[in-house]
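Student: I would like to go through this structure by asking about it. Shall we start?

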Amino acid sequence: MSSASFGRYSHAIVARVPDTFSDNGTSLTRARQEHEQFTRLLRSLGLDVIELPADPQFPDSVFVEDTAFVVNDTALICRPGHPSRVKEVDTIRSIINKEIDLPIIEITDPKAKLDGGDILFTGKEIFVGVSQRTNLNGALAVASAFPEFYVTPINVPKKVVHLKSCVSMAGPGILCVSSSPEAQEILRRIASEASFTYTTITVPDNESANTLYINGTLVHRAEFPQSVAEFDHKVDYKRTDVSVFELCSRNQASLSSLCILIKKNRPHHTTV
């Protein structure tokens, strides 16, 4: 994948905030406002956004990233590591199949656990965090699904929920990473295992290190002034920020967890 095509997407899947989301003390009103702002931002970046209705059965279903990983016109249906989230994949599978019409790969290994928040696609290779929610069998399932890429497991320190909780792609060949000890440990592991070289942007906050690079624009968190100052200083391409504190920070979640990004390159309808 060329640097020009990295981060190019046509669709995003998001899920609205259910009433049950507020069970942990989160302001439901504020969380919904933040989600609406985030969804508007995705549309402003040229994405066709598919909004799933709120599902009260699944309080964490707004964090759709954990349910599927899509690259090269193929969707791998994940197997979330938390038991309460396993059945969320049924809705995502149906939407990807019917609304976007992409081929789907299912994980066959019954021992595999895989959260999408542990899958870091750099445009050239894939790193999979072995974490609280993803095991080595899950990483091997990613490798099996996408043999065209190098797929490397990366051990994630226990203090961090997912690999992408403190490291992400901020642009073609650019890793964004937190200055926290855990993030720097992950970065060392990535650097020692990577098949390609990357530059880095280092920010003070774990939350800010999880960014989205969409259609030439860097999207980062707005709530952390020191990190925003680093982006001001180091990013010389288009960027924008968004506040998702109520949605994410109160729930140990990340910006990227709020969407599944998809680039659909070609139709898959069979003609006779």
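The questions and answers below concern a predicted model.

Student: Which residues have the most contacts inside the largest nonpolar core?

Tutor: That core has 36 residues. Helix 3 (136–145) and helix 4 (181–193) are among the elements that each supply at least two of its residues. So are strand 7 (125–130) and strand 8 (150–155). The residues with the most contacts inside the core are Ile126, Val142 and Phe146.

Student: Which residues of helix 6 (225–234) are buried, and what arc do they cover?

Tutor: The buried residues are Ser227, Val228 and Phe231. They sit on the same side of helix 6, because the arc they cover around the axis is only 105°.

Student: What covers those buried residues of helix 6, and which exposed residues does the face turned away carry?

Tutor: The cover includes strand 10 (174–178), strand 11 (199–203), helix 5 (206–209), strand 13 (217–221) and strand 14 (239–242). The face turned away from the buried side carries exposed residues. Those are Pro225, Gln226 and His233.

Student: Which residues lie nearest the centre of the largest pocket?

Tutor: The pocket has a volume of about 550 Å³. Its lining holds 29 residues. Those nearest the centre are Tyr9, Phe69, Val70, Phe121 and Leu261.

Student: Which strand gives the largest share of that pocket's lining?

Tutor: Several strands supply at least two lining residues each: strand 3 (68–71), strand 6 (119–121), strand 9 (167–171), strand 12 (212–214) and strand 15 (260–262). The largest share is 4 residues. It comes from strand 3.

Student: Is Glu65 buried or exposed?

Tutor: Glu65 lies in the loop between strand 2 (48–52) and strand 3. Its contacts beyond four places in sequence are Gly116, Gly117, Lys164, Ser256, Ser257, Cys259 and Ile260. Its relative accessible area is 8%, and the cut-off is under 20%, so Glu65 is buried.

Student: How far apart are Glu65 and Cys248 in space, C-alpha to C-alpha?

Tutor: In sequence, 183 residues separate Glu65 and Cys248. In space, their C-alpha atoms are apart by 13 Å.

Student: What is the length of the polar contact between the side chains of Lys164 and Glu65?

Tutor: Lys164 is found in the loop between strand 8 and strand 9. Lys164 counts as buried, at 15% relative accessibility. Lys164 touches Glu65, and also residues including Asn210, Ser254 and Ser256. The polar contact joining the two side chains is 2.5 Å.

Student: Which side chain makes a polar contact with the side chain of Glu88?

Tutor: Glu88 is in the loop between strand 4 (74–77) and helix 2 (89–100). Glu88 is buried, with a relative accessible area of 5%. Beyond four places in sequence, Glu88 touches Phe58, Asp60, Ser61 and Thr67. The polar contact, at 3.0 Å, is with Arg85.

Student: What is the phi of Asp73?

Tutor: Asp73 lies in the loop between strand 3 and strand 4. Asp73 is buried, with a relative accessible area of 1%. Asp73 is not a glycine, yet its phi is positive, at about 60°.

Student: What is the phi of Asn215, and where does this residue lie?

Tutor: Asn215 is in the loop between strand 12 and strand 13. Asn215 is a residue other than glycine with a positive phi. The value is near 50°.

Student: Which backbone nitrogen lies 2.8 Å from a polar atom of the Asn215 side chain?

Tutor: Not counting residues up to four places away in sequence, Asn215 touches Gly7, Arg8, Tyr9, Leu45, Gly46 and Leu47. The backbone nitrogen at 2.8 Å belongs to one of these, Tyr9.

Conventions:
Residues are numbered from 1 along each chain as its sequence is written. This is a predicted model: local features need pLDDT of at least 70, side-chain atom pairs count only at pLDDT 80 or more; totals for chains, interfaces and linings use all residues. Side-chain values use heavy atoms; hydrogens and water are left out. A nonpolar core is a set of buried Ala, Val, Leu, Ile, Met, Phe, Trp, Tyr and Cys residues joined through side-chain atoms within 4.5 Å. Buried means under 20% relative accessible area, exposed over 50%, partly exposed in between (1.4 Å probe, protein chains only). A polar contact is a pair of N or O atoms within 3.5 Å; within protein, one must be able to donate a hydrogen and the other to accept it, and residues adjacent in sequence count only if both atoms are side-chain atoms. Contact means heavy atoms within 4.5 Å. The arc is that of the directions from the helix axis to the C-beta atoms. On a 1 Å grid over the protein atoms alone, a cavity is a set of points where a 1.4 Å probe fits but cannot get out, and a pocket is an open set with protein on both sides within 12 Å along at least five of seven lines; lining residues have an atom within 4 Å of a point. Grid points are joined across faces, edges and corners, and a volume is the space filled by probe spheres set on the points.
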